Amino acid sequence: MPRLLLLLVVALTLLVPAAWADGVTVFDDDHPGVRDLDPDLLHALRMAATDSGIAFHVNSGRRSPAQQEQLLRDAVKRYGSAEEAARWVATADTSRHVSGDAVDLAPTAWLSRHGAAYGLCQIYENEPWHYELRPAAVESGCPPMYADPTDDPRMHR
Ligand SMILES: [Zn+2]
């Protein structure tokens, strides 16, 4: 194979999956991270996307336990200790991503102002991209945020 063609093939192989991952939105039923989210959460996300006209990109939605465990191992390496990693990544037992009840999105400027009307709330001060469904927020606004996941009682089961 001519070298230029080979380079092109390699470049496409590397670029296409990355571009696809970047293009995942709350409407992508073919993507398991979107399709397997809690139906009420997904419904709220699609209502917000439709009303705002913003294509919310899903950087991470529903995760398998194995995916969550890999993220946690990576975080322990990156942050140097299990204690520090716990500020950013939950275990497979406690992660709201594994249960399908959380989504990491971009952009979030519109949601931070209007998400409560859809029950969509930022939960952690240190994770402005992480949203969960809080149906009561439609009436009374989003609850106060936790500083980070270690403050969240659900992470200490
Ligand atoms: Zn998250």
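Predicted model: local features only at pLDDT ≥ 70, side-chain atom pairs only at ≥ 80, totals over all residues.
View 1. Helices (DSSP runs of H or I, at least four residues) and strands (runs of E, at least two) are numbered from the N terminus. Residues are numbered from 1 along each chain as its sequence is written. Local features need a pLDDT of at least 70 and side-chain atom pairs count only at pLDDT 80 or more, whereas totals for chains, interfaces and linings use all residues. Just after helix 3, Gly 53 takes a positive phi of about 75 degrees.

**View 2. The buried and exposed faces of helix 3.** A residue is called buried if 20 or more other C-beta atoms lie within 10 Å of its own, exposed if 12 or fewer do, and partly exposed in between, with the C-beta atoms placed from the backbone. The buried residues of helix 3 are Leu 41, Leu 42, Ala 44, Leu 45 and Ala 48. Seen down the axis of helix 3, these buried residues fall within an arc of 160 degrees, so they line one face of the helix; the arc is that of the directions from the helix axis to the C-beta atoms. The face turned away from this buried side carries the exposed residues Pro 39, Asp 40, Thr 50 and Asp 51. The buried residues of helix 3 pack against strand 2, helix 6 (109–114), strand 3 and strand 4, where a contact requires C-beta atoms, placed from the backbone, within 7 Å of each other.

**View 3. The largest nonpolar core.** A nonpolar core is a set of buried Ala, Val, Leu, Ile, Met, Phe, Trp, Tyr and Cys residues joined through C-beta atoms within 7 Å. The largest one has 20 residues, and those with the most contacts inside it are Leu 41, Ala 44, Leu 45, Val 103, Leu 120 and Tyr 131. Helix 3 (39–52), strand 2 (102–106), strand 3 (120–122) and strand 4 (130–133) each supply at least two residues of this core, and helix 3 gives the most, with 5 residues. Leaving aside residues up to four places away in sequence, Ala 44 touches Tyr 118, Gly 119, Leu 120 and Leu 133. A second, separate core of 5 residues includes Leu 71, Ala 85, Ala 86 and Val 89.

**View 4. Strand 2 and the strands that pair with it.** Two strands are said to pair if DSSP finds at least two bridges between them. Strand 1 (residues 57–60) is joined to strand 2 by 3 bridges, and these strands run antiparallel; the bridge partner of His 57 in strand 2 is Ala 106. Strand 2 is also joined to strand 4 by 3 bridges, again in an antiparallel arrangement, and Val 103 stands opposite Tyr 131 in strand 4. The peptide bond from Ala 106 to Pro 107 is cis, with omega near -10 degrees, and Pro 107 lies in the loop between strand 2 and helix 6.

**View 5. Asp 93 in the loop between helix 5 (82–85) and strand 2.** Asp 93 counts as exposed because it has 11 C-beta neighbours inside 10 Å. Asp 93 and Pro 65 are 28 residues apart in sequence and 7.8 Å apart in space, C-alpha to C-alpha.

How values were computed: Contact = placed C-beta atoms within 7 Å.
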